[in-house]
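Student: I would like to go through this chain with you, one question at a time. Please show the sequence and the model before we start.

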Amino acid sequence: MQESYFDPDIFRLALNAFLQTHRSVTSLLLKHKSNLPKFQDWFTEYDGNAAKTDVMLWAKKSRNRIVHESDLDLNSSCHVTWIGNWYTRGEAKATFPPRMSVNEIITAIRNSRGMPPFGTITIKRRWVDEALNTWEVLDAAAACHMHLNDLLRAGHLAADVSCCDLEGSYAECVDSSLPNSSGKLSCMHIAQSELASHFSVPDGAILDDVSEEFEIDDAKSKLAAKRYELPEFPDGDAIARVPGMMAIARKIMEKDGAHGTFAFCFKGESLLTAQAMQFDNQRAKILSFERLADLVESTRADGVLVIGEMWTALQTDLEKELGTVLFPARDRLDRMEALSVYAVTRDGRQAETVCFVERGPNGEAHCGETTGIESGGAMNTMIPIRKKWKEMESRGL
């Protein structure tokens, strides 16, 4: 479905095939229930909970419809989001057909009246079925897949089978391992980024991907810890890990003289994903955190921690009086270099620590004392994440 997202005919065929195969899984389980240990326990829990969710009821009804009646009532649209800064944004639905090229869409938007001459635009393609109009179809299919994944894992555990031993040909991250995760399979995060295009309003330039997910390699981590003389990687949720991550960041900063920006997503005390983030201007920075917010939704993360360098400056008397920032720290002559580690959680907690960095005669970095901040400017970057959690709450996620 994801690979054919912009080909309406093939996308419909893939969706129909998914819905029919999806339904056959539970039908097969029911047919062989007498051979499955503790079937009534784990299947009854699924049938009373997950199977009653809106998305699973939609999948069941949709399968019956495409088999006995007709195709689903799908429609496609483009969702356009304009972002001026962390606080200013606007959203609208446009009638551009998904077969229209990105360059054609960009040209049409830039020529439209009322478009501010600054900021970034994100264009998201979106397939929706009228019977489940609050869900994008690919998201709905991913949710159905993970519900079945959880059901089959419960059946394996009831039979004291640690993992599925079936062999077969699988695509990307879809295999027989039955991962204990929520939200989506890891390859579905990539699918989300491929369904959107981003461009800069002033010049119309298309903005490339600004983040890259990576896996933490235990062997490489041990070598790095030895080389940098790092303390142990901290435990706990996003908030609890802030002091320990700052201790690690300080060592790296003083050793290399620089520190990249990294974002970590958590579910409770479990680390879900780690991303390296790159941006050389404010537009790309805002976009990268918008993308991080999408990752938070797809992984169902409830905590986010970010490490990175930043510019900081004291507010002027006028700025304090007006309660705003007239000139960003990066544009100030009195700016100071700092290393920051900060985190937020879905339940409203936040933590931020900062240490100022001084440069030696040869550019070497020296980290000062670490201090805690109640509400620093770095927290602006978490606005898209907090907004995403509110949206998820309204959708029951």
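Tutor: Two strands count as paired if DSSP finds at least two bridges between them. Helices (H or I, at least four residues) and strands (E, at least two) are DSSP runs, numbered from the N terminus. This is a predicted model, in which local features need pLDDT of at least 70, side-chain atom pairs count only at pLDDT 80 or more, and totals for chains, interfaces and linings use all residues. Residues are numbered from 1 along each chain as its sequence is written, and side-chain values use heavy atoms, with hydrogens and water left out.

Student: How many helices and strands are there in the chain?
Tutor: The count rests on the DSSP runs just described. By that count the chain has 11 helices and 11 strands.

Student: Which residue is the bridge partner of Val344 in strand 10?
Tutor: Strand 9 (residues 336-345) pairs with strand 10 (residues 350-359) in the antiparallel sense, over 7 bridges. The two form a hairpin with 4 residues between them, and Gly348 in the turn has a positive phi of about 100°. In strand 10, the partner of Val344 is Gln350.

Student: Which residue of strand 11 does Cys355 stand opposite?
Tutor: Strand 10 and strand 11 (residues 365-372) run antiparallel and are joined by 6 bridges. Their hairpin has 5 residues between the strands, with Gly363 in the turn at a positive phi of about 85°. Val354 stands opposite Thr371. Cys355 stands opposite Thr370.

Student: Is Cys355 buried or exposed?
Tutor: Buried means under 20% relative accessible area, exposed over 50%, and partly exposed in between (1.4 Å probe, protein chains only). Of the 397 residues of the chain, 43% count as buried. Cys265, with a relative accessible area of 1%, is buried. The relative accessible area of Cys355 is 0%, so Cys355 is buried.

Student: What span does helix 5 reach from its first C-alpha to its last?
Tutor: Helix 5 (residues 137-158) has 22 residues. The expected span of a helix is 1.5 Å times one less than its number of residues, which for helix 5 gives 32 Å. The model is close to that, at 32 Å.

Student: What is the phi of Asp160?
Tutor: Most residues other than glycine have a negative phi, and most peptide bonds are trans. Asp160 follows helix 5, in the loop between helix 5 and helix 6 (186-193), and counts as exposed at 73% relative accessibility. Although Asp160 is not a glycine, its phi is positive, about 60°.

Student: Where is Lys38 found?
Tutor: Lys38 is not a glycine either, yet has a positive phi of about 55°. At 56% relative accessibility, Lys38 counts as exposed. Lys38 is found in the loop between helix 1 and helix 2.

Student: What separates the C-alpha atoms of Met392 and Arg300?
Tutor: Met392 is in helix 11 (residues 383-394) and counts as buried at 0% relative accessibility. Taking contact as heavy atoms within 4.5 Å, and not counting residues up to four places away in sequence, Met392 touches Val296, Glu297, Arg300, Arg346 and Leu397. Met392 and Arg300 are 92 residues apart along the chain, and their C-alpha atoms are separated by 9.0 Å.
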